Amino acid sequence: MLVSQTRAIGVEGLNVEFYTPRGALRAVNDVSFEVYEGESLGIVGESGSGKTTLASAIIRVLPSNARSWGRVTVYGKDLGSMSESQLNREVRWRVISYVPQASQNALDPLYRVGDQFVETVRAHTDMSEKQVLEKASELLKHVGVDPSKLNSYPWELSGGQKQRVMIALALLLSPKIVILDEPTTAMDTIIQAQILEMFRQLKQFERLTTIFISHDISVIANVADRVGVMYAGRLVEIGPVEDVFGRPLHPYTQGLLRSVPDIRRKDGSFGYIPGSPPDLVNPPSGCPFHPRCSYAVEICRKLMPPMELYAKDHYAACHVISSRKDLGLG
Amino acid sequence: MFVVTVRFIIGRLINRLITLLMLVLFSFLVFELIPQSLGFKLGFFFVGITQLNPKTAQAQLAAVDAAEQAYGLNAPIPIRIAKFLYNLFTLHFGMSPTYKEPVLTVISQYLPNTLVLVTVSLVTTSVISIVLGVVAAKSFLKSRWKIGDKAASLTSIGAYFIPAFWLGIIMYVVLAAQLHWFPINLFFALRGGGLHNYTGVEYYLRYLWAASLPIILLTIVGFGHRQQLIRNNIIEEYNSAGYVMYARARGLDESTVFYRHAFRNALLPWVTQVGLDVAFLIYGVFFVEIIFQFPGLGIVTTEAATSFDIPLLIGSTFLFSVYILVVLFALDFVYALLDPRVRLGE
C-alpha cells in the first residue's frame, strides 16, 4: 500500500465534554491519531464509545452543550484557530465532507433532496442550479440511486437510499477527506459491496482520504488501511488493520473480535465481554476497561495506561500487554 | 403533486365542515333537546321568558303555543334537526326576543367589532411571539450571558402570568379614565359623546384608537406561551436535530442553518398552537369587551345568556364556531405550505 507522507488529518489530545443534568460527560477523552493522504482509517467500538462525537468534533459541529479542546489540523491548518465562517469557506465540504448515520435524519424533511444538493453547492461555489443537478444526477447514478429521487423528499426514500444520497452529497465538491459514520448499516450486502468498491477506487485514483466509523468489523476489515479501537471515549488500540484484527493486543479489542459471529465456528457460540460499558459521567478510575477485564491487575485500577508502540505502527494502551507471554511479543 | 395537494385541501375542508356539523348538533342538544326533556316549553325562548301574570296567563301561554307552532318545535326530532341545520347554514336565526329584531341584524351590527379585536390580536401575538422567540433562541444559542434570552423570556412569561382581568381594569382606569390617552368607550371615540360625527379616515383612526386598548390587553396576555414554545423548539432543533448538525457540517452559512433548517422546523408545532389559541381568544374577548366598553358580540352574547335570549345565543355560537373553523382552515394551508409531509399526506 502506497501511502504518502502528507498528513491529511492530525488529531492531538482531543477531548469533548457534554454538560448533562447529571454532570460533565466526557464522550471523547484524550484522543490522538493521524491520517495520511490517500489513507483510510477505520474507527471501531461499541455504541456510545464516542465514535460519532469524535467525527462531529473534527468538523466542529458539536451541540451547544458540548465543549471540546485539543488540536485538530487539516493539511497542517489548525481548525481550532479558525472562525466559524472561515471554516465554512475553507474547510467544510470543500476539504472535508461528512456522511452521518442514516438514523440521524440528516436530510431536512421539509426540502427536496435536489434542493439540499443545490443549497450545499451554493454555499461554496457559484455553479448554476442546472449544473448542480447534472452533477448530482451523475453522482447518484454512481451510488446506484435513480436521479429522479432528486425530486423526492427525504422521507420518501428508504434508509439505504438516504445513506447513498448522503454519500453522493459528500462527494459533490470533490473533497480531499470524507468522514463516514456507519455509512453502510442500512444497505443490503450487494449495495454495500458496490459502495465500498467505489471508495476503494476513489482512494486509488483520486487519493481520497477517508475515516470510516463503524461497529461492523467486516466493513472496516474490507476498506481500512489502519484501524483505531475506541472504548469509553478513549482510543485504546490503533494500527494496521491486519495487525489489529490479526494479532489484537488490547483485551478489549480481543473481546470485540471474539464477539463477532463467525459462520465457520461450528458450535454457533460466540464470545462476549461481560459487564457493560462504563458510565461516562462517573468513569472508573485508572483504565476504563478494568472492571470488565479478566487480565486486570492492581495498577489498572489506579493509572490510565499510556499509548505504547508494540509492533510497527501498532499502538495500544494497556498495562498488562508486555507481561503476557501468549501474545508472542518479542 | 397538484392532484395530491387539491385532495389534501378538500380533505381538510370536509373535516372542518364535519366539525361544524357536530358543533351545530351540540347546540341543538343544549338549546332545544335538554330544556325540552326537562319539561320546559321551548316557545318561551321565542317570546321571551317572563313571569306569568295571573290575569294574562291565558294570553301568554297562547302566544307560547303559537310560537311553538310557528317554529315547528313539536315536530319529530329528525325533522327539527334538519330544519335547525338548514336555518343555521342559511343564516336564518329568527327573532331576538330582547332586541325585538332579527338575530342576524343584531349580530351583523356587533360581530365586526369582535372580529377586529380577535383577528388583530391573533396577528400581533403571532408576530411578537415569533420575534421575541427568535431573539431569545439566538441569544441562548450564541451569546455568552444569554441576556437577550433572559429579557425576552422573562417578559413573555411575566406577561403570560399577569391576571388579565386585573390588568384590563388597571389599564382602563389609568389610561382611559384618568389620563384620557384612550377613549372611555367606542361611542365616545366615534361620536365624541354625541357632539361630533367623524367620517372618512378620521372615523377609522378613531375606531382604531378605541380598539387599541382591548387589542393591547389581548396581545399582552396572549403571546407569552407561544414565545416560549417557539424559543424552546428552535433551541431543541438547533441543538439536537440531525439535519441542523448536517447543515452546519456542509458549511452552510449561519443564517441559512438557523432560519431555513432550525426555525422552519420549529415553526410547525407553533402553528398548531395558534389554532388552539383562537378558541381562547374568543373567551378572552368576552370580558375584554366588557372592561373596555367595546360593544362587540362578546357583550351581546353575555347579555343574551343572562336574559335567556336563546335565538341570539344560537346564532352567535354558530358564527363564533364558523370563525374559529375558518381560522383553523387557513392554518391548515399555512401548515401545508410549511410541511410537505402534510401536503402530500405522508
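Predicted model: local features only at pLDDT ≥ 70, side-chain atom pairs only at ≥ 80, totals over all residues.
## Chain B as a whole

Chain B has 346 residues, and 47% of them count as buried. Its secondary structure comes to 15 helices and 2 strands. Taken along the principal axes, the C-alpha atoms of chain B fill a box of roughly 90 × 55 × 40 Å. Among the contacts in chain B with a separation of 6 or more, 72% are between residues 24 or more positions apart.

The chain carries 23 positive and 17 negative side chains. The centres of these two sets lie 7 Å apart.

## Where chains A and B meet

The contact between the chains takes 31 residues from chain A and 26 residues from chain B. The area buried between them is about 2600 Å², and carbon and sulfur atoms give 57% of it.

Between chain A and chain B the count is 2 salt bridges. A salt bridge also joins Glu119(A) to Arg250(B), where the closest N and O atoms are 3.1 Å apart.

## Helix H11 of chain B

Helix H11 of chain B covers residues 242-249 and is mostly covered, with 8 of its 8 residues buried. The buried residues include Gly242(B) and Ala249(B), and also Tyr243(B), Tyr246(B) and Arg248(B).

Which elements cover the buried residues of H11(B)? From chain A, the cover includes helix H2 (84-90), strand E6 (96-99) and helix H5 (159-170). From chain B, it includes helix H10 (224-240) and helix H12 (254-291). Just after H11(B), Gly251(B) takes a positive phi of about 80°.

## Two loop residues of chain B

Asp339(B) is placed in the loop between helix H14 (310-338) and helix H15 (340-343) of chain B. Is Asp339(B) buried or exposed? Its relative accessible area is 5%, so Asp339(B) is buried, the cut-off for buried being under 20%. Leaving aside neighbours within four places in sequence, Asp339(B) is in contact with Leu110(A) and Leu268(B).

Ile184(B) lies in another loop, between helix H7 (164-178) and helix H8 (186-191) of chain B. With a relative accessible area of 33%, Ile184(B) is partly exposed. Not counting residues up to four places away in sequence, Ile184(B) touches Tyr172(B), Ala176(B), Ala177(B), Phe292(B) and Gln293(B). Val173(B) is 11 residues from Ile184(B) along the chain, and the C-alpha atoms of the two are separated by 9.0 Å.

## Salt bridges within chain A

Side chains of opposite charge can pair when their charged atoms come close. Over all chains, the count comes to 29 salt bridges. One of the pairs is Glu84(A) with Arg60(A), the closest N and O atoms being 3.3 Å apart. This pair links distant parts of the chain, 24 residues apart: Glu84(A) is in helix H2 of chain A, and Arg60(A) is in the loop between helix H1 (51-58) and strand E4 (66-74). Glu84(A) is partly exposed, with a relative accessible area of 31%. Arg60(A) also counts as partly exposed, at 23%.

In another pair, the side chains of Arg247(A) and Asp243(A) meet in a salt bridge of 3.1 Å, N to O. Arg247(A) counts as exposed at 53% relative accessibility, whereas Asp243(A) counts as buried at 13%. Arg301(A) and Glu298(A) form a salt bridge of 3.9 Å, N to O. These two residues are 3 residues apart in helix H10 (residues 298-302) of chain A, so about one helical turn separates them. Arg301(A) is partly exposed, with a relative accessible area of 37%, and Glu298(A) counts as partly exposed at 47%. Glu12(A), Arg71(A) and Asp78(A) are linked in a network of salt bridges.

Note on methods. Residues numbered from 1 in each chain as written. Chains lettered and ligands numbered in written order. Heavy atoms only, no water. Buried < 20%, exposed > 50% of the residue type's maximum accessible area, 1.4 Å probe, protein only. Helix = DSSP H or I, 4+ residues; strand = E, 2+ residues; numbered from the N terminus. Contact = heavy atoms within 4.5 Å. Lys, Arg positive; Asp, Glu negative; His and termini not counted. Charge placed at Lys NZ, Arg CZ, Asp CG, Glu CD. Buried area = accessible area lost by both parts, 1.4 Å probe. Salt bridge = Lys/Arg side-chain N within 4 Å of Asp/Glu carboxyl O.
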